[in-house]
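Here are my notes on this model, point by point. Please read them with the coordinates open.

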Amino acid sequence: MPELLKGKPVADALTEDIRRRADALAERGITPTLAIVRVGENESDLSYIRGALSRCEKCGIEVVQKNLPDLCSQEQLEAVIDEINADPGIDGCLLLRPLPRHIDERAICNRLKAAKDMDCITDASLSTVFTGRGEGFAPCTAQAVIEILNYYGVDVAGKNAAVIGRSLVIGKPVSMLLQQRDATVTMCHSRTQNIAALCSQADLLIAAVGKAGFVGPEFTNPNQVIIDVGINVTPEGKLTGDVDFDAVADGVKAISPVPGGVGGVTTAVLCKHLMEAAERAAF
Ligand code: NAP
């Protein structure tokens with residue numbers, strides 16, 4: 001059996017560290033505070049918020065929720081972002097997306113100060129990820145991949161990494177974060193030829209495709225570590241990753257499960273970013 005790279009111990013370790021730092025700020029009378037902005041009543045937003053609220057409570061982070069109706073105007077949403085930017089009591093912001101179609105989402109995202117952007121929704125934060133300069137944070141999911149590798153002691157320096165997916169949310173930033181750690185990264189996408197053969201050469205495989213069971217045994221080798229970022233729901237309602245876990249597990253060195261892998265680490269990373277923002281503001 002491969003080593004199972006479960007997310008819970010990673011999230012627990014991050015939470016413990018954040019809690020300790022929150023307690024240190026509390027001694028100085030500072031309560032780290034996150035604003036969560038939601039437009040409408042999307043069930044997946046509500047479910048993500050429930051997870052984030054529970055994680056923030058464990059970490060000693062206060063949450064201010066800003067809820068707007070589905071039919072809110074661009075100006076109303078801009079005013080909420082401006083209020084968050086100007087409020088010294090709010091250290092960071094999570095804006096749930098996608099926004100309704102009548103809203104100019106890029107304009108809203110870029111209105112947020114990079115220093116308060118906890119999930120890399122601004123171009124300025126992306127610039128930090130790509131240049132290493134500035135005060136932005138990486139997307140929580142991309143950073144969660146790195147936290148899992150760190151926790152389980154997977155050294156990526158000098159290793160060949162294949163990333164399947166090139167979105168700005170996961171594929172591209174995770175490729176940059178791995179490259180910053182001296183991995184040699186191949187970014188694969190829908191036009192990549194011989195993708196299975198290419199991935200089968202990799203020491204590390206990151207799957208962020210959005211297709212259930214896309215990665216089969218032909219993508220793998222016995223020394224490979226796989227991080228499955230995918231979240232898919234099968235027609236039977238089962239939550240599953242991009243990797244055909246049962247088919248590949250016996251033929252690889254280590255693999256993160258879905259559910260129970262990357263997904264559970266993202267809210268802990270959100271809290272880690274918030275704590276860093278709060279400490280920057282405090283010291
Ligand atoms: P996305 O924007 O749809 O990007 C998917 C990427 O996969 C694209 O770059 C696409 O290539 C590539 N792709 C699609 N079909 C392919 C194929 N047949 N062969 C090779 N590459 C192919 O998705 P995303 O937002 O990056 O999300 C990826 C997955 O992560 C989804 O399952 C999503 O639900 C999951 N996710 C997980 C978390 C978490 O917390 N674990 C958070 C966010 C998202 P092109 O660029 O050529 O189209």
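**Notes on the model**

1. Start with a loop. P259 sits in the loop between strand 11 and helix 10. The peptide bond that joins V258 to P259 is cis, with omega about -5 degrees. Bear in mind throughout that this is a predicted model.

2. P257 belongs to that stretch too, in the loop between strand 11 (254-255) and helix 10. Is P257 buried or exposed? Its relative accessibility is 12%, under the 20% limit, so P257 counts as buried. Leaving aside residues up to four places away in sequence, P257 touches L4, L5, K6 and F245.

3. P98 is in the loop between strand 4 and helix 4. Most peptide bonds are trans.

4. Next, backbone angles. Most residues other than glycine have a negative phi. C120 has a positive phi, near 60 degrees. C120 lies in the loop between helix 4 and helix 5. With a relative accessible area of 7%, C120 is buried.

5. N194 is not a glycine either, and its phi is positive at about 50 degrees. The residue is found in the loop between strand 6 and helix 8 (195-199). N194 has 62% relative accessibility and counts as exposed.

6. Helix 7 spans residues 171-180. Why call it largely enclosed by the rest of the structure? Because seven of its ten residues are buried. These are G171, P173, V174, S175, M176, L177 and L178. They pack against helix 5 and helix 6, and against strand 5 (160-164), strand 6 (184-188) and strand 7 (204-207). D182 follows helix 7 and has a positive phi, near 70 degrees.

7. Now the largest pocket. Its volume is about 1,300 Å³. The lining counts 44 residues, and those closest to the pocket centre are Y48, D119, T141, I231 and T266. By class, the lining has 22 nonpolar, 14 polar and eight charged residues.

8. Which elements each supply at least two residues of that lining? They are helix 2 (43-59), strand 4 (92-95), helix 4 (105-111), helix 5 (123-131), helix 6 (140-151) and helix 10 (263-282). Helix 2 gives the largest share, five residues.

9. Aromatic pairs: the whole structure has two. One of them is Y151 with Y152, edge-to-face, at 4.9 Å centre to centre and 80 degrees between the planes. Y151 is partly exposed, at 41% relative accessibility.

10. Last, the overall fold. The protein has ten helices and eleven strands. Its radius of gyration is 19 Å, close to the 19 Å that the globule rule gives for 283 residues, so the protein is as compact as a globular protein of that length. Along the principal axes, the C-alpha atoms fill a box of roughly 50 × 45 × 40 Å. Buried residues account for 51% of the 283. Of the contacts between residues at least 6 apart in sequence, 68% join residues at least 24 apart.

Definitions and conventions: Residues are numbered from 1 along each chain as its sequence is written. This is a predicted model: local features need pLDDT of at least 70, side-chain atom pairs count only at pLDDT 80 or more; totals for chains, interfaces and linings use all residues. Side-chain values use heavy atoms; hydrogens and water are left out. On a 1 Å grid over the protein atoms alone, a cavity is a set of points where a 1.4 Å probe fits but cannot get out, and a pocket is an open set with protein on both sides within 12 Å along at least five of seven lines; lining residues have an atom within 4 Å of a point. Grid points are joined across faces, edges and corners, and a volume is the space filled by probe spheres set on the points. Helices (H or I, at least four residues) and strands (E, at least two) are DSSP runs, numbered from the N terminus. Ala, Val, Leu, Ile, Met, Phe, Trp, Tyr, Cys and Pro count as nonpolar, Asp, Glu, Lys and Arg as charged, and the others, Gly among them, as polar. Rings of Phe, Tyr and Trp (its six-membered ring) pair if their centres lie within 6.5 Å; planes under 30 degrees apart count as stacked, over 60 as edge-to-face and the rest as tilted. Buried means under 20% relative accessible area, exposed over 50%, partly exposed in between (1.4 Å probe, protein chains only). Contact means heavy atoms within 4.5 Å. The radius of gyration is taken over C-alpha atoms; the globule rule is 2.2 Å times the number of residues to the power 0.38.
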